[in-house]
Amino acid sequence: MKKAVDIYMPLDAREEPNRVVWPVASEQLKDIVKVVKDCGWEANVLNADKPVASVAEGIRVIQRAKGERLIDFIAGWAYPDFTVTPLWQVDASIPKLMIGSSIPDFPGAVGLLAAAAGTEHVGIRTSRLFVEEFADHDSYRGAIESFLKDGKHEEVLPKAVAVEPDAAARKKAKAVKARLKGSVYGAVGPRSMQMWNKISEADFLRIFGIAREGFDGLRLLKLAEKVPDARAARALNFIIDEGMDVRIGKDPVKHLTKEMALFQMKVYFALLELKKQFGLDFAGVQDQLDWIEHYPTTDLTLGLLNNKLRPETDGETFAVATEADDGAALTMQTLKLLSGGEPVGFNDLRYWDPRQGLYWFVNSGALAPYFAAGSHDSLKGAWSDRQTYMYFKEGGGTSSVVVRKPGVVTWARFSYRDGRMYLCAGRGMTDVPSEEQWRQRSAKCSPDWPHWYLRLCGKIETRINSNHPMTVCGDHLAELKALAEELGIPFECYDHMTPNDPRMRESARAEQCLCA
């Protein structure tokens with residue numbers, strides 16, 4: 001009798017994304033099942049008729065699992081706790097493999113990384129595999145075969161480079177630790193889309209000396225309603241006058257309407273009022289899913305707050321993370337302090353091209369306009385478009401750019417493993433695309449959202465336990481390691497080469513050859 005592997009398929013809580021993604025996922029599933037059968041195993045698909053769309057449904061579906069192995073197939077954006085809590089119900093001895101669809105069309109890879117944040121946090125051990133060409137069975141048959149045979153699939157990675165903080169790095173780390181201590185973080189709303197990105201009040205205080213304040217979205221709404229129409233109009237006119245391309249239209253389903261943009265300006269001032277009232281130093285805003293079911297998204301708002309040039313500016317950024325991601329907000333504030341107050345990028349690790357060594361950081365529209373060209377004196381190069389209707393029924397504008405500020409970039413992320421916080425980081429170089437390159441890359445990958453293309457110094461997709469790596473310009477790797485040591489938490493470097501390594505230039509030349 002053949003051994004059986006159970007296949008479990010979670011997706012979104014929203015009907016429209018599932019309607020669009022599920023037909024593609026079903027075809028990809030057929031290929032996975034064929035590969036499993038070719039390996040001599042029986043595939044038992046737990047929910048072949050429709051995706052899991054809630055935690056409760058996931059718990060019910062996972063009870064059908066009877067096999068010796070479990071595959072969690074994530075074909076598009078999937079709420080992380082549709083994976084984490086159901087997988088917790090499965091016996092810990094059952095080997096588990098998460099497969100993420102890495103086609104650029106849908107954020108399946110993002111869904112896997114977001115789920116890994118939770119599985120690693122609570123100690124559920126999983127292997128991970130990303131597949132783009134599902135019809136090319138030979139490209140991933142070996143990985144599935146090793147998982148079925150040995151109970152795990154691991155990619156062998158090069159040895160990480162040594163990171164040795166010097167006296168200057170340690171001095172800066174001490175200064176940043178001192179500035180974090182006694183600061184106040186404000187989280188607006190509960191966790192976003194069942195994501196595992198929260199930090200408890202106890203850990204904020206115990207590790208960093210930071211107070212964590214929590215606010216209901218209703219408080220933010222009521223503050224926004226108090227903002228005069230004229231003040232919101234002046235703010236909208238300001239960003240347009242400073243060069244941002246705000247793409248106003250009249251059809252609320254297809255276009256960013258003026259009413260949506262004005263509401264976002266009111267939320268901008270409401271967050272500044274919340275900052276003033278409670279002495280906030282940095283913040284996170286839930287946005288998805290509760291807020292966006294009733295009001296325009298906050299992405300344009302947050303992108304501006306993370307910029308120095310903004311309406312009624314004090315000349316400083318106010319680091320605010322979308323999706324109420326505590327770990328992202330904390331990382332953003334840390335990178336802001338290490339960089340001397342520069343803007344920090346909020347990103348999703350959306351796609352990567354292994355042939356070109358190129359990573360695409362693409363989030364749903366809250367990147368500071370600064371990154372368009374590295375200017376604090378203009379918003380040119382940034383635009384605001386209506387958010388994708390599939391995810392954002394009430395619309396609202398993005399804060400979008402194609403990052404064309406060249407140079408070294410540091411990414412970082414505070415995460416959890418087995419209930420303990422750690423800090424991981426690495427570096428890369430911004431790949432500045434031509435207009436044609438950007439259009440080709442983004443054609444099937446959310447062209448309305450901000451895009452940051454990076455040649456990273458190491459493979460991060462097999463190790464990072466988050467879908468949200470934060471980025472800042474400059475090399476701050478040694479300072480981050482020194483800070484982790486100051487805080488008494490583990491540090492992980494994922495670089496296997498340095499930004500000036502000849503191999504970085506070779507990967508850029510390889511892309512030029514592929515494009516020629």
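# Buried side chains, strand pairing and helix faces

Colleague: Which backbone oxygen does the side chain of Thr 119 reach?
Modeller: The model is a predicted one. Thr 119 lies in helix H4, which spans residues 108-122. From there, its side chain comes to 3.3 Å from the backbone oxygen of Ala 116.

Colleague: Is Thr 119 buried or exposed?
Modeller: Beyond four places in sequence, Thr 119 touches Thr 83, Val 84, Met 98, Ile 124 and Thr 126. The cut-off for burial is under 20% relative accessible area. Thr 119 has a value of 0%, so the residue counts as buried.

Colleague: Which backbone oxygen does the side chain of Ser 192 reach?
Modeller: Ser 192 sits in the loop between S6 and H7. Its contacts, leaving aside neighbours within four places in sequence, are Gln 286, Gln 288, Leu 289 and Glu 323. At 2.4 Å from the Ser 192 side chain is the backbone oxygen of Gln 288.

Colleague: What is the relative accessible area of Ser 192?
Modeller: Ser 192 is a loop residue, placed between S6 and H7. Even so, Ser 192 is classed as buried, because its relative accessible area is 0%.

Colleague: How many residues of strand S6 are buried?
Modeller: Strand S6 covers residues 184-188. In a regular strand, side chains alternate between the two faces of the sheet. Val 184, Gly 186 and Val 188 point one way from S6, Tyr 185 and Ala 187 point the other way, and all are buried. The count of buried residues in S6 is therefore 5 of 5.

Colleague: Within what arc do the buried residues of helix H8 fall?
Modeller: In H8 (residues 217-225), the buried residues are Leu 220, Leu 221, Leu 223 and Ala 224. They line one face of the helix, because seen down the axis of H8 they fall within an arc of 165°.

Colleague: Which residue's side-chain oxygen reaches the backbone nitrogen of Leu 218?
Modeller: The elements covering the buried residues of H8 include S6, helix H10 (258-278) and S9. The contact with Leu 218 is at the start of H8, where the distance is within 2.7 Å. The side-chain oxygen belongs to Asp 216.

Colleague: What arc do the buried residues of helix H2 cover?
Modeller: Helix H2 (residues 55-62) has Glu 57, Gly 58, Val 61 and Ile 62 as its buried residues. Their cover includes strand S1 (4-8), strand S3 (69-74) and helix H3 (81-89).

Colleague: Which residue in the turn between S14 and S15 has a positive phi?
Modeller: S14 (residues 408-417) has 8 of its 10 residues buried. S14 and S15 (residues 420-430) run antiparallel and are joined by 10 bridges, one of them pairing Val 408 with Met 429. The two strands form a hairpin with 2 residues between them, and the turn residue with a phi of about 50° is Asp 418.

Colleague: In S17, which residue is the bridge partner of Trp 411?
Modeller: S14 also pairs with S17 (residues 470-473), in the antiparallel sense and over 4 bridges. In S17, the partner of Trp 411 is Thr 471.

Colleague: How far away is the cysteine sulfur nearest to Cys 473?
Modeller: The whole structure has 0 disulfides. Cys 473 is in none, and the nearest cysteine sulfur belongs to Cys 457. A disulfide needs two cysteine sulfur atoms within 2.5 Å. Between Cys 473 and Cys 457 the distance is 14 Å.

Colleague: What separates the C-alpha atoms of His 137 and Asp 31?
Modeller: His 137 is in the loop between strand S5 (127-131) and helix H5 (141-150), and is buried at 15% relative accessibility. Beyond four places in sequence, His 137 touches Asp 31, Lys 34, Val 35 and Asp 38. His 137 and Asp 31 are 106 residues apart along the chain, and their C-alpha atoms are separated by 7.4 Å.

Conventions
Residues are numbered from 1 along each chain as its sequence is written. This is a predicted model: local features need pLDDT of at least 70, side-chain atom pairs count only at pLDDT 80 or more; totals for chains, interfaces and linings use all residues. Side-chain values use heavy atoms; hydrogens and water are left out. Buried means under 20% relative accessible area, exposed over 50%, partly exposed in between (1.4 Å probe, protein chains only). Contact means heavy atoms within 4.5 Å. Two strands pair if DSSP finds at least two bridges between them. The arc is that of the directions from the helix axis to the C-beta atoms. A polar contact is a pair of N or O atoms within 3.5 Å; within protein, one must be able to donate a hydrogen and the other to accept it, and residues adjacent in sequence count only if both atoms are side-chain atoms.
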